[in-house]
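Here is my note on the model you sent.

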Number of protein chains: 2
Amino acid sequence: MSNPEALVVFTPSGRRGRFPLGTPVLQAARSLGVDIDSVCGGRGICGRCQVLVSEGEFAKHGLVSRSQNLSPFGAIETAFCETQAMQAGRRLSCSAQLLGDVVIDVPSSSQVHKQVVRKQAEAHDVHLDPLVRLHYVEVQQPDMHDPSGDLRRLEDALEFEWRLTDLACDMLVLQQLQTALRQGAWRVTVAVHAGRQIIAVWPGFKEHVYGLAVDVGSTTIAAHLCDLASGEVVASAGVMNPQIRFGEDLMSRVSYVMMNPGGEREMTSVVRAALNELAQDVAQQIGISPQDILEASFVGNPIMHHLLLGINPVELGGAPFALATDRAMTLWAVEIDFHIHRNARIYILPCIAGHVGADTAGVILAERPDLSERVSLLVDVGTNAEIVLGNRQRLLACSSPTGPAFEGAQISCGQRAAPGAIERVRIDPDTLEPRFKVIGCELWSDASGFADAVAMSGVTGVCGSGIIEVLAEMYLAGIIRQDGTISGELAVRNPRIQADGRTFSYELYRASGSTPALKIMQNDVRAIQLGKAALYAGVRLLMERMGIDKVDRIRLAGAFGSHIDVKYAMVLGMIPDCDLSEVSSAGNAAGTGARIALLDQGSRQEIEQLVRRVEKIETAVEPRFQEFFVEAMAIPHLNAPFDNLRQVVKLPERTGAGLDSNPRARRAARRGA
Amino acid sequence: MSNPEALVVFTPSGRRGRFPLGTPVLQAARSLGVDIDSVCGGRGICGRCQVLVSEGEFAKHGLVSRSQNLSPFGAIETAFCETQAMQAGRRLSCSAQLLGDVVIDVPSSSQVHKQVVRKQAEAHDVHLDPLVRLHYVEVQQPDMHDPSGDLRRLEDALEFEWRLTDLACDMLVLQQLQTALRQGAWRVTVAVHAGRQIIAVWPGFKEHVYGLAVDVGSTTIAAHLCDLASGEVVASAGVMNPQIRFGEDLMSRVSYVMMNPGGEREMTSVVRAALNELAQDVAQQIGISPQDILEASFVGNPIMHHLLLGINPVELGGAPFALATDRAMTLWAVEIDFHIHRNARIYILPCIAGHVGADTAGVILAERPDLSERVSLLVDVGTNAEIVLGNRQRLLACSSPTGPAFEGAQISCGQRAAPGAIERVRIDPDTLEPRFKVIGCELWSDASGFADAVAMSGVTGVCGSGIIEVLAEMYLAGIIRQDGTISGELAVRNPRIQADGRTFSYELYRASGSTPALKIMQNDVRAIQLGKAALYAGVRLLMERMGIDKVDRIRLAGAFGSHIDVKYAMVLGMIPDCDLSEVSSAGNAAGTGARIALLDQGSRQEIEQLVRRVEKIETAVEPRFQEFFVEAMAIPHLNAPFDNLRQVVKLPERTGAGLDSNPRARRAARRGA
């Protein structure tokens, strides 16, 4: 006669089985392969294995599930609740035993491989499967009659309790092991990296370890601290990249190295120092030590990538733009002087080509254009625009030298996005009068009370998204012709259109008191034309290579993409014609990619394989790039449809001389390429 | 119709095959799997692939071999001979082409896996198969139209030319790669570790890299620098272990740490500094940089092992004598602050038990007692004697606390082995008069001219081997009884036997001028008795555990074993009775083991598996050890046969009271255990 058994069904997995009465729920779950987390190995310490009884009659499972069919709340659970919050109705599955039939719900927070919900701008949830995991174990004490090292007995415990075999062990762990074991009375928590390497040990039970995802930009370095168990971002921080003092943009930093041999070491050293400040900063925010950060991931463009790693970037400054490596790298944090946990490993996403860096790999990993049949265009606009085009069948990438105009540099009235900067502009096509909004004020400039509202900040300049809008509105109002010239004959209609030597300007904001006027000069238009022509030419080059003349969706990554009104970007011809509802911001997609690589070990192999598939296009050696560039100097551009755009705005009739015959534009095109 | 072919036979492998005329010999060898070395990949640069034509008629191969059947000495070979010596008749197999039938001899020096002939004291030749290998390659230049990192193209070259796949690459290599490739005009030499990791790169062709085998003793640290291609020792050096200032012997160093928390860090730091001096020293001897040392291996007793690695040794100072780890370790040299090549790896042989260290693992690897049916006893005498007993079926090991008496410490007239120290002694059994030899003089003390010959050094003391001889000769002459007492009644026969309080002494050397007399005191005899009893008790314990009462051969390792006359060691009962021709010195077997682990990668797995098989006996918890110890206080000892010894010397009749009933010896036994 068999012993009495209970039927248990786990949701959401649907796995089911019969177990002898008295079997702990966690044990039943494990024998069925149900995904339930645990750090303490079933000792009622970590609280990761919490479950819930679903009560009621479950006809399809053939059982009636009652919470009384689990053993009563016991001493271990009571003790746990004294130190930590546990939701009503939850049970520790390691303590609760089966006394009858039940349906057990495993909440997402108790699963090892959970999905982490992401921000709206992000493409999909992150699958949580971090490389570093904590394991709490009880280690056998040494026995003179059967001598074996402390490490061997620790490994035996890890094998017995966690089925971890063939582990290697870092030197520092070995140095700390004997003390940790004795301080913890032979109970320790170890951190195991990738299921293969013991990288940390603490006496007793340790609950949290963290990872850091870092986006090393030429201007800003941003870091997100993540709890490796929950995947949540628990702190974020950003600092200016201190390399700026060696050169504002990438090429001037490479020039600095060419002019100052050894200069690459200075730049490596300052960026590494900034990383350490960042790690200190985020750790402080949640009251932990940087020693609790056991893993980090990095993205950055090729020059940032090389300088971070201590590789001289001069090869990237000229043809053939050879990377030192296009592989992903796993290093010890100490190899880049990064002072988080002494045994922390870091992962650096792969660079793709001389101008297409690990930041683009991050964008691809965040957006995964390869998962869809629909053709995605991903654009990350900075001093260079990095462009990815593709779908399930093909992926293409290039980088295009847009220059810094989109960031407000090289624009006479340009400024960083800050209170006082104009960010939205509308121009009445009849009167040619503008109205605008400035950052920090909800009112439009023609609303009553606007002057008072901006009294503090003033109206100080035009930020990147404002530049796009004012130029697009000027074009839509006919002030700018298709060839980019400001139309002097309109001066008769509105005195804001003024002669400035041989060209004209448009006065967006009139001087008032001590505040100077803000004018859009002809050269400002040219700077934006050069940038947008480079961007669009890169996009067109990839589209031609892929044999398509339209894209299904467009994702704009980076700070620029977050603030821009995509309609105006399309009016100016920065991006190709596309259903506007299919154009959206991807947020800081490169940083998101770093976070995915940090939290999901499988994603590393995915991105490494994906970048191998990417067809790399070097714009500098593509003759067609020059042709597209010249065409794209026009507003929006020549020889391309605007069907979607025309549904949203009324485009002016074609005006001005064809740019293909405009010698000035040609010269400019050559300069910009 | 087939093209004309030549028959080629390679010796000593005997491999043979037919190849089209014009095939380079190296290519033919490779396609037959013949073991021929090459670093330059067949470019006539390295000269490693030299071969010789065996001329004559070879009936069994069915061919007539002539040197004219190879292509004439060509431009590449001529160029090679201009820069390097090549023996007459030798050819570069990468240049010489087959023009007819030949027998090609591959000399040992041209084989990848060669045997390295060892010193006489060593048990067997070393199989050369180092982890670090050099590979010279030509790397594709970068191509903008097909962008790929320099590293990828290097890896492609390594795969194409050397079939090395899935290589990882150290950070430093990546930092140096771009410069090395361009300096070397896209030709570089790389060092690959274990066929998996690129650890170094040099522009152009690099011929030699080196490895260092280190024996970290409590008193002396010895290092041998080996050419990793030939396996030869090219330089050696030794320094005092600077930890001596924290304590002469192991236990006093552990006590220092117990008394001075953090003292382990001081000791770790001084021993590492000494290692760096050693590396500098050996490198200087042959005019290389320590940066040319790409690999190192280490042996040492458990306490030296832990202190080297920065592990606190206090757990080894008391029961249960728990090692931090009993595994072998592969680390980066920088992890122990060892400043050889920045990417060099180091290998540390495994410790076996709390008192049986990586030095014993080295002895086992050098001697390989497991390869024979015959039972070997391996003894490494220091402050502790480490003892290994076994054969193909079983291996046992223990450590026994012999104390420092065998090294001349705790002996009233003892001194280190140095000029002026008595090292050989004979005592006339009739007259009881001694004669002796001192280190640095070839004459016996009763030879004419002796006084003049030792005028410089004087006669200053008795070294370790001298102590053994004088005690053994005193015993054979009847001056010492079987129980170890100096026989006072013989004072009537020779005035050298003198009363010293309640015991007697023997005057080995009479005071002369300012030189004081050298006397063997009763306490000196006791110190040696305690030491030899501990040693012999350990041996007996292992023999009993193995169920044997005699051993087939005895190998004495270490400096002590090199200088001792084994006959006298047996007379004193230090070692069990054995055919004297089967007792020999093993030289510095621990250091030899380190050298084998350095040169033969396969040996590492062998020793790691072997030490797992070793049955570890902890003498401190074995009651039988006390019994054997008391028995072994007698000279030679009680309850054991002396058949072999009696064939060589005439042992005195049993004299003195049985030691088993001697309360003093019992007390001494307890003290010593």
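1. Start with the contact between the chains. Contact here asks for C-beta atoms, placed from the backbone, within 7 Å of each other. Ala, Val, Leu, Ile, Met, Phe, Trp, Tyr, Cys and Pro count as nonpolar, Asp, Glu, Lys and Arg as charged, and the others, Gly among them, as polar.

2. A word on the source. This is a predicted model, where local features need pLDDT of at least 70, side-chain atom pairs count only at pLDDT 80 or more, and totals for chains, interfaces and linings use all residues. Residues are numbered from 1 along each chain as its sequence is written, while chains are lettered from A and ligands numbered from 1 in the order in which they are written.

3. How do H3 and H4 of chain A cross? The axes of H3(A) (residues 150-162) and H4(A) (residues 171-183) come within 10 Å and cross at roughly 75 degrees. The two helices are therefore roughly perpendicular to each other (65 to 115 degrees). Axes are lines fitted to C-alpha atoms, for helices over the stretch in contact, and angles run from 0 to 180 degrees between N-to-C directions. From H3(A), A:Asp150, A:Leu151 and A:Leu154 meet A:Leu174, A:Leu177, A:Gln178 and A:Leu181 of H4(A). That contact has 5 nonpolar, 1 polar and 1 charged residues.

4. Next, a sheet in chain A. Its 3 strands run in the order S24-S23-S25, open, with mixed pairing. Helices (H or I, at least four residues) and strands (E, at least two) are DSSP runs, numbered from the N terminus. Pairing needs at least two DSSP bridges. S23(A) (residues 421-427) runs antiparallel to S24(A), with 5 bridges. A:Ile422 has A:Val438 as its bridge partner.

5. Chain B: S23(B) (residues 421-427) and S24(B) also pair antiparallel over 5 bridges. They form a hairpin with 6 residues between them, and B:Leu432 in the turn has a positive phi of about 65 degrees. In S24(B) (residues 434-438), 4 of 5 residues are buried, that is, 20 or more other C-beta atoms, placed from the backbone, lie within 10 Å of their own.

Technical notes: Angles under 35 degrees count as roughly parallel, over 145 as roughly antiparallel, 65 to 115 as roughly perpendicular and the rest as oblique. Two residues are in contact if their C-beta atoms, placed from the backbone, lie within 7 Å. A residue is buried if 20 or more other C-beta atoms lie within 10 Å of its own, exposed if 12 or fewer, and partly exposed in between; C-beta atoms are placed from the backbone.
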